[in-house]
Amino acid sequence: MASESDASSIATLSCARCEKPAHLQCPKCIDLKLPREQASFCTQECFKAAWSSHKSVHVKAQLSSIGDQNSDLISQGWLYCVKKGQARTPKLPHFDWTGPLKQYPISTKRVVPAEIEKPDWAIDGTPKVEPNSDLQHVVEIKTPEQIQRMRETCKIAREVLDAAARVIRPGVTTDEIDRVVHEATIAAGGYPSPLNYYFFPKSCCTSVNEVICHGIPDARKLEDGDIVNVDVTVCYKGCHGDLNETYFVGNVDEASRQLVKCTYECLEKAIAIVKPGVRFREIGEIVNRHATMSGLSVVRSYCGHGIGDLFHCAPNIPHYASILCYFRIS
């Protein structure tokens, strides 16, 4: 609680809970510049007793502020993304949000110079070669030439991701991260593979807090305590390099730190067993085992995938253990 400095003003204020003369003010209300009449309390105990209902005032104020901010952005051409990227609207779409994170408007599509080699979805949003390729179900053994191109592309992708990491801090929008990724990719002579892939509107994915993956960069500013995953794919010399990392934004709580730490350990353990002869399923088993032993669980909706001349191809690599069913015959 913050003490009210103006003694004459204090005398005219009543406690928002019990209506006794107020001597203290809610510090969050002060930050949000809310009216003092609903932010004043007689004692610390009264403030604590009122907290469960009083905090809703902060949420309403923040949502109102967001609405005002987004109205300004919409007047500048920023719009909400709808219909899986195929349309835009100035009105916040309805969605049953599972947490405090909400959708924000996105900026207009970024331009790729004419001299940059582009994949077949760059213009109309629809991949042509990839969906019908035999490499969706046949694992390709890469040639030395392909491996060399993959090394070059993945090196660029690593540098692009590092450039994105350098701008991550409280107050930076995920759209700004996307701008950095886009410009760094173009500067290296590459094309940002996600851009217009099945109408995806941005050059990378930024997944904040409860978003699992494939989050769309938008006008939301990163907040102290967030975690954000940045997923980058670069197309260079006809080859795709795909990687991602999760970053802390400011001061992150212990639960989030443990989540990211365990995830990184799962990755390291999986990489350590990769060699000729290892079954794909063993990768998922070791990841699942370590996550479970750490008190966490693995999302089964997505899996790893092959890269190369195609953005996504075989093999698909589940990062969870296979579920085997045994039937007793009587």
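**Figure 1. Helices α5 and α6 pack at an angle of about 150°, with their axes 9 Å apart.** The model shown here and in the other views is predicted. Two packed helices are described by the angle between their axes and the distance between the axes. The crossing of α5 and α6 is right-handed. On the α5 side, the residues that meet α6 are Val160, Ala163 and Ala164. Their partners in α6 are Ile177, Val180, Val181, Ala184 and Thr185. Sorted by class, this contact has 7 nonpolar residues, 1 polar residue and no charged residues.

**Figure 2. Helix α6 covers residues 174–187.** The helix has 14 residues. From its first C-alpha to its last it reaches 20 Å, close to the 20 Å expected at 1.5 Å a residue. Its buried residues are Thr174, Asp175, Ile177, Asp178, Val180, Val181, His182, Thr185 and Ile186. Helix α5 (144–165) is one of the elements that cover these buried residues, and the cover also includes the strands β6 (191–192), β7 and β8. After α6 comes Gly189, which has a positive phi near 85°.

**Figure 3. Thr173 lies in the loop between α5 and α6.** Is Thr173 buried or exposed? Thr173 counts as buried because its relative accessibility is 18%, and the cut-off for buried is under 20%. Leaving aside neighbours within four places in sequence, Thr173 is in contact with Asp218, Ala219, Arg220 and Lys221.

**Figure 4. Asn209 has a positive phi, near 50°, and is a residue other than glycine.** Asn209 is found in the loop between β7 (205–208) and β8 (227–236). With a relative accessible area of 31%, Asn209 is partly exposed.

**Figure 5. Lys84 is not a glycine, although its phi is positive, about 55°.** The loop that holds Lys84 runs between β4 (80–82) and β5 (87–89). Is Lys84 buried or exposed? Lys84 counts as exposed because its relative accessibility is 77%, and exposed means over 50%.

**Figure 6. A cis peptide bond joins Ala314 to Pro315.** The omega angle of this bond is near 5°. Pro315 is placed in strand β11, which covers residues 313–317.

How values were computed:
Residues are numbered from 1 along each chain as its sequence is written. This is a predicted model: local features need pLDDT of at least 70, side-chain atom pairs count only at pLDDT 80 or more; totals for chains, interfaces and linings use all residues. Side-chain values use heavy atoms; hydrogens and water are left out. Helices (H or I, at least four residues) and strands (E, at least two) are DSSP runs, numbered from the N terminus. Buried means under 20% relative accessible area, exposed over 50%, partly exposed in between (1.4 Å probe, protein chains only). The expected span of a helix is 1.5 Å times one less than its number of residues. Contact means heavy atoms within 4.5 Å. Axes are lines fitted to C-alpha atoms, for helices over the stretch in contact, and angles run from 0 to 180 degrees between N-to-C directions. A crossing is left-handed if the near helix is turned anticlockwise from the far one by less than a right angle, and right-handed if clockwise. Ala, Val, Leu, Ile, Met, Phe, Trp, Tyr, Cys and Pro count as nonpolar, Asp, Glu, Lys and Arg as charged, and the others, Gly among them, as polar.
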